[in-house]
Amino acid sequence: MATCAVVRRPGRGRLAVVGLGPGARDLLTPRAKAELRRASVLVGLDQYVDQIRDLLRPGTRILESGLGAEEERARTAVEEARKGQAVALIGSGDAGVYAMASPALAEASDDIDVVGVPGVTAALAAGAILGAPLGHDHVSISLSDLHTPWEVIERRVRAAAEADLVVTFYNPRSRGRDWQLPKALAILAGHREPSTPVGVVRNASRPDESARVTTLAALDPATVDMMTVVTVGNTATREIAGRMVTPRGYRWQEGTA
Ligand code: SAH
């Protein structure tokens with residue numbers, strides 16, 4: 001006589017945090033594509049889900065949500081992975097840049113595998129359109145004071161101004177947030193010439209992409225919205241043939257290397 005009990009143990013779950021790039025399909029990496037195809041559960045904002053729906057396997061469970069609800073989205077992704085699912089948590093650009101990777105990994109325990117797939121972040125997509133604005137040291141600063149006190153943001157803008165860093169502003173301006181960008185530009189103008197080149201790129205790599213190079217003095221903040229990044233040059237950045245160019249700054253000619 002023997003009694004036998006059989007239990008099915010779920011496999012170890014997997015959470016892939018996948019950056020979709022700025023929009024164009026050919027800026028989505030092959031590795032991101034492979035992770036989307038592997039997923040049994042997809043978690044993300046509805047607008048990003050639409051961007052890649054055709055790449056999913058039939059039967060993939062899609063848990064989409066609207067703007068906000070970031071923590072809930074992060075928790076859902078981790079919970080599904082802990083049940084043994086292969087979860088892809090998606091975000092635009094790079095999913096670790098002002099996006100879902102941090103809230104998700106803050107929830108994640110060591111009983112799941114976590115894989116990050118880097119994506120082309122907006123600053124890089126915009127940089128390639130503008131020319132070579134990021135040729136020397138640069139920072140990204142988000143002007144959204146939704147989760148960060150303005151004093152903290154302003155301190156960082158000041159530090160970037162003093163350190164002569166090229167600055168890319170993410171989340172530069174929205175309907176309810178219109179004074180932050182002019183304020184930030186004024187701080188930079190305290191340390192840079194009015195003629196300093198400024199690149200404004202809207203919807204990089206999307207069908208309605210637009211870009212222009214202007215100056216600190218001439219930029220009209222009203223032309224900037226949430227689909228835009230603004231890159232302000234350092235004191236060496238020049239506009240050359242309509243393109244924004246920040247010199248490498250190495251002393252190539254002197255032979256001192
Ligand atoms: N994870 C994203 C950034 C999210 S924050 C990334 O890595 O790109 C959202 C902000 O990113 C927007 O307000 C805008 O400033 C910028 N952004 C994202 N995609 C963009 C695009 N295709 N063109 C221009 N700006 C973009």
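Let's start with Ala222, which sits in the loop between strand E10 (210-215) and E11. Helices here (H or I, at least four residues) and strands (E, at least two) are DSSP runs, numbered from the N terminus. Is Ala222 buried or exposed? Ala222 counts as exposed, because its relative accessibility is 53%. The cut-offs are under 20% relative accessible area for buried, over 50% for exposed, and partly exposed in between, with a 1.4 Å probe and protein chains only. Leu181 is 41 residues away from Ala222 along the chain, and their C-alpha atoms are separated by 9.7 Å.

A word on what you are looking at. This is a predicted model, in which local features need pLDDT of at least 70 and side-chain atom pairs count only at pLDDT 80 or more, while totals for chains, interfaces and linings use all residues. Residues are numbered from 1 along each chain as its sequence is written, and side-chain values use heavy atoms, with hydrogens and water left out.

Now the overall picture. The protein has seven helices and 13 strands, and its C-alpha trace spans about 90 × 45 × 35 Å along the principal axes. Of its 257 residues, 42% count as buried. The protein exposes about 14,000 Å², with carbon and sulfur atoms supplying 51% of that; accessible areas come from the Shrake-Rupley method with a 1.4 Å probe, and for residues only the protein chains shown count as cover.

How is the chain divided into domains? The domain assignment gives domain 1 (14-120) and domain 2 (123-245), with bounds that come from an automatic or database assignment. Their C-alpha centres lie 28 Å apart. Seven residues of domain 1 are in contact with nine residues of domain 2, where contact means heavy atoms within 4.5 Å. Within the protein, take the contacts with a separation of 6 or more: residues 24 or more positions apart account for 70% of them.

On to the inside. The largest nonpolar core has 22 residues, and those with the most contacts inside it are Ile141, Leu143, Val157, Phe169 and Val232. Helix H6 (150-162), strand E8 (166-170), helix H7 (180-189), strand E9 (197-202) and strand E11 (228-232) each supply at least two residues of this core. By nonpolar core I mean a set of buried Ala, Val, Leu, Ile, Met, Phe, Trp, Tyr and Cys residues joined through side-chain atoms within 4.5 Å. Which residues does Val157 touch, not counting those up to four places away in sequence? They are Ile141, Phe169, Ala184, Ile187 and Leu188. Another core, of 17 residues, lies apart from that one, and includes Leu42, Val49, Leu55 and Val117.

Next, the ligand. Of the 20 residues around it, Val97, Thr121, Ala204, Met226 and Thr228 come nearest; a residue counts as near if one of its heavy atoms lies within 4 Å. What about polar contacts? These are pairs of N or O atoms within 3.5 Å; within protein, one must be able to donate a hydrogen and the other to accept it, and residues adjacent in sequence count only if both atoms are side-chain atoms. A backbone N or O atom of Val97 lies 2.7 Å from a nitrogen atom of the ligand. The protein covers 91% of the 550 Å² of accessible area that the ligand has on its own.

Thr60 is in the loop between helix H2 (46-52) and strand E3 (61-65), and counts as buried because its relative accessibility is 13%. A polar atom of the Thr60 side chain lies 2.7 Å from the backbone oxygen of Arg57, and the side chain also reaches the backbone oxygen of Ala39 at 3.5 Å.

Asn234 is in the loop between E11 and strand E12 (238-240). Its side chain reaches the backbone nitrogen of Ala236 at 2.8 Å. With a relative accessible area of 7%, Asn234 is buried.

And a backbone detail to close. Most residues other than glycine have a negative phi. Asn203, in the loop between E9 and E10, has a positive phi near 50°. Ser205 is also found in the loop between E9 and E10, with a positive phi of about 65°. Asn203 counts as buried at 4% relative accessibility, and Ser205 counts as buried at 17%.
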